[in-house]
Amino acid sequence: MQDFVNIGTLIATFGVKGEMVLLHHLGTKPDLAGIEAFFIEEATDRFIPYFISSKKVRTNEEILVSFEGIDTVEKARAYLKKKIWIPEADAKKMASKSAPI
């Protein structure tokens, strides 16, 4: 079984196309290259992938992200306050040296 690391929480919607703000603890300027999906824990130890349609570092603590199939504010609101997880190996690649991961 793959080990997952919590990298943050979806805290707000942004715009009208279902984009969300991910408050993360990856440190400054996380490397998002090669990340195709974030995971949400739907049940204990059951992580479901959500494929990313766009992502952009917004600030040192926020990433603007949109997922395939979530294309309205109403759909996005259902995911607010959800924790976001990624495989541990990816977390080590993404995080800056100042990150607590």
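What share of the accessible surface of the protein chain belongs to carbon and sulfur atoms? The answer is 50%, out of a surface of about 6000 Å² (Shrake-Rupley method, 1.4 Å probe; for residues, only the protein chains shown count as cover). Before going on, please note that this is a predicted model, where local features need pLDDT of at least 70, side-chain atom pairs count only at pLDDT 80 or more, and totals for chains, interfaces and linings use all residues. Residues are numbered from 1 along each chain as its sequence is written, and side-chain values use heavy atoms, with hydrogens and water left out.

**Stop 1: the whole chain**

Switch to a cartoon view. Along the principal axes, the C-alpha atoms fill a box of roughly 35 × 30 × 20 Å.

Now colour by burial: 42% of the 101 residues are buried (buried is under 20% relative accessible area, exposed is over 50%, partly exposed is in between; 1.4 Å probe, protein chains only).

**Stop 2: the core**

Select Leu 10, Leu 22, Phe 38 and Phe 67. Of the 22 residues in the largest nonpolar core, these touch the most other members (such a core is a set of buried Ala, Val, Leu, Ile, Met, Phe, Trp, Tyr and Cys residues joined through side-chain atoms within 4.5 Å). At least two core residues come from each of β1, β2, β3, β4, β5 (62-67), β6 and α2 (88-94). In soluble globular proteins, nonpolar side chains tend to be buried together.

Centre on Phe 38 next. Beyond its neighbours within four places in sequence, its contacts include Ile 7, Leu 22, Val 65, Trp 85 and Met 94 (contact means heavy atoms within 4.5 Å).

Then pick Ala 37, in strand β3. Is Ala 37 buried or exposed? Ala 37 is buried, because its relative accessible area is 13%. Among the residues it touches, leaving out those up to four places away in sequence, are Pro 49, Phe 51 and Ile 86.

**Stop 3**

Go to Val 16, in the loop between β1 (4-14) and β2 (19-24). Val 16 is exposed, with a relative accessible area of 69%, and touches Asp 71, Thr 72 and Val 73, not counting residues up to four places away in sequence.

Asp 45 sits in the loop between β3 (37-43) and β4 (46-57). Although not a glycine, Asp 45 has a positive phi of about 60 degrees. Its relative accessibility is 51%, so Asp 45 counts as exposed.

Finish at Lys 81, in the loop between α1 (73-77) and β6 (83-87). Here too phi is positive, at about 75 degrees, in a residue that is not a glycine. Lys 81 is exposed, with a relative accessible area of 75%.

How values were computed: Helix = DSSP H or I, 4+ residues; strand = E, 2+ residues; numbered from the N terminus.
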